[in-house]
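Subject: Structure handover

Hello,

Here is the structure I promised to pass on. Please open it alongside this note; my findings follow below.

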Amino acid sequence: MKRIYIHEEYCIGCRLCEIHCLVHHSESKKIVKAFKEEFPRAMSRLVVEEQGYLSFALQCRHCEEAPCVEACITGAMHRDPETNAILCDQEKCVGCWMCVMVCPFGVIKRDMEIKQVASKCDLCQGEEVPVCVRNCPNEAITFEER
Amino acid sequence: MSLSLYPSEFRIERDPERCIVCQVCVRQCANDCHVYDEDDDCIVSNERNCVGCHRCATLCPTNAITITQNPSDFKTNANWTARVIKDIYKQAESGGVLLTGMGCDRQLPSYFDRMLLNASQVTNPSIDPLREPMELRTHLGSKPERVDFKRTGEGFDLTTELSPQLVIDTPILFSAMSYGSISYNACLALATAAQTVGTFYNTGEGGLHKDFYPYGENTIAQVASGRFGVHAEYLDVAAAIEIKIGQGAKPGIGGHLPGEKVSEEISQTRMIPVGTDAISPAPHHDIYSIEDLRQLIFALKEATGYRKIAAVHNVAPIASGIIRAGADIVAIDGLRGGTGAAPTMIRDHVGIPIELAIAAVDRRLREEGIRHRASIIAGGGFRNSADIVKAIALGADAVYIATAALVAMGCHLCQKCYTGKCNWGIATQDPYLTKRLNPNIAQRRLVNLLHGWSLEIKEMLGGMGINAIESLRGNREHLRGVGMTQNELDILGIKSAGEAW
């Protein structure tokens, strides 16, 4: 499957990936509205790790053997049979956050506003290229089949 | 500390309707122009630091930022212009020499802009480069006096021994920019782009990082007065050697790479201790005459050699001397040529425009009957393919571009290269900033630029009814001048617009 690959040597720490991820997962999908009019504000599904000048954007790796899927008590965390992406069914999620505990990359976030749903990368289902990749100004993340 | 009288050069306008306080501008500005105010959850501008590089405006996801010239004017005075007054304020505060980067930006007459190209339509019908072959390949080097051959059973065999030639697929080379003045990624982009296009890039006086040895076939290694990073392997790995005598942006003075830019990698490449200033003297201390130069040329000729001089008033006889000293290629650099750092007064007031230098050198060499003994590469402010066509019609064999290459990579000509804080990751060694130039993107953009320019050159040649760049070289009949005095036309060796054969 196509995955997001990280080229940390070119990550400039601008966090535009984070901003565009947030916008894409907002109600309106409009940047100014998403930031200024929607409350609670949508969450970005990725994290930007930074230490000194080293930085990179990290999203769910959509592991082949996904610990979050195994740990999920309700079956909310599942693999999409068509795209192979790991998705979270918000209807089923009860907010036990076991997935958060077992994720080896720390990329599943708790949505404190709703307190039920884990927030994680869905590879922008329906988009040809995830918005973080499309909006990275320096090609520090790429979406490719390897 | 007293109040600085130097006004902000730019205004940062932030549209509050659009600003989403995402802080991309805060993270991207190396000059701390944007500061996040936590109490009010807003971003405030520190306009005094702004250099007008447009990094923030380019990356702002909502186009909320506009950078404009500070409209605040001094009282109109034809002599004491704002530029003059500001320079004095700056110098009264610092007590030092005014420094700047890039090429001369004064409004001097541009001869390129006053020359027009010819198009033939009836007697020498125009050619469509998309349908018919069009040759841009150029051979740089010394050409033989005459060619001898003998008949063999199947055809002819050349008996004349030819000098080594640098073959370029388009008459454009990347001119000297050292590793140190520009970043590793910028050097890598130039090297890979030169290889893809089939041309050369020039190491400048900073030596050659070992990682770039694989691009040796597309490398011109420079030997400058400081001799930084010059060793046998460096000379061997490159396809040609350039002895740098001067530089258009700062004729008559040497180079200076501040110690802060001399990192571990640069120290190894230049063969100097980490953190020491890399100062190249104004002259080569072993070249005080054409005869001395001849000795150095022959010492370096185990590979191939050629020289570079800065265009000054007596450029023609000097070029002649250089060729007689044994150079295969002479590079001349004009007034508008760029640099990473130069004293402002030198950059803006020393030298001559490259157009006049090419014409003067080409004519002198023809008069002396030695034009074939060396190729001429002209550099110094080529902005587009039309400038290149005009330079070749004036007599250059090929041109050097550097400013245009930097602009293609993202440079916004803020002229602050000497500060080492290039927000575009080009003229800096700061690891936070160098990452901003992805060499793959930069290479793609450089290749695109050369590809586009080459196509345009072919179109212009086609319009003139010629199908090879060779036929344009020194063909001044294809140029006409507008708005020039008779003397200027004579120096350029061209007719006035409207004048026929």
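One point first: this is a predicted model.

Chain A

In chain A, 56% of the contacts with a separation of 6 or more are between residues 24 or more positions apart. The chain holds five helices and eight strands. Their order from the N terminus is β-α-α-β-β-α-β-β-α-β-β-α-β. The radius of gyration is 15 Å, close to the 15 Å that the globule rule gives for 146 residues, so chain A is as compact as a globular protein of that length. The C-alpha trace spans about 40 × 40 × 30 Å along its principal axes. Of the 146 residues in chain A, 37% are buried.

Where A meets B

Chain A brings 17 residues to the contact, and chain B brings 16. On the chain B side, α1 (24-28), α13 and α14 (439-464) each supply at least two residues. The largest share comes from α1(B), with three residues. By class, the chain B side has eight nonpolar, four polar and four charged residues.

B:D430 sits in the loop between α12 (403-409) and α13 (431-434) of chain B.

The core

The largest nonpolar core has 180 residues. Those that touch the most other members are B:L190, B:I332, B:I358, B:V399 and B:M409. Helix α4 (residues 184-197) of chain B gives this core its largest share, 10 residues. As background, nonpolar side chains tend to be buried together in soluble globular proteins.

A three-stranded sheet in chain B

Look next at the open sheet with the order β6-β22-β23 (chain B). Its pairing is mixed. β6 (115-117) and β23 (495-496) of chain B are at the edges, and each has a single partner strand, so one side of each is left without a neighbour in the sheet. β6(B) pairs with β22 (residues 479-481) of chain B in the antiparallel sense, over three bridges. Within that pair, B:L116 stands opposite B:R480 of β22(B). Helix α11 (residues 385-394) of chain B lies across β6 and β22 of chain B. The helix runs at about 95° to β6(B).

Best wishes

Methods. Residues are numbered from 1 along each chain as its sequence is written. Chains are lettered from A and ligands numbered from 1 in the order in which they are written. This is a predicted model: local features need pLDDT of at least 70, side-chain atom pairs count only at pLDDT 80 or more; totals for chains, interfaces and linings use all residues. Helices (H or I, at least four residues) and strands (E, at least two) are DSSP runs, numbered from the N terminus. The radius of gyration is taken over C-alpha atoms; the globule rule is 2.2 Å times the number of residues to the power 0.38. A residue is buried if 20 or more other C-beta atoms lie within 10 Å of its own, exposed if 12 or fewer, and partly exposed in between; C-beta atoms are placed from the backbone. Two residues are in contact if their C-beta atoms, placed from the backbone, lie within 7 Å. Ala, Val, Leu, Ile, Met, Phe, Trp, Tyr, Cys and Pro count as nonpolar, Asp, Glu, Lys and Arg as charged, and the others, Gly among them, as polar. A nonpolar core is a set of buried Ala, Val, Leu, Ile, Met, Phe, Trp, Tyr and Cys residues joined through C-beta atoms within 7 Å. Two strands pair if DSSP finds at least two bridges between them. Axes are lines fitted to C-alpha atoms, for helices over the stretch in contact, and angles run from 0 to 180 degrees between N-to-C directions.
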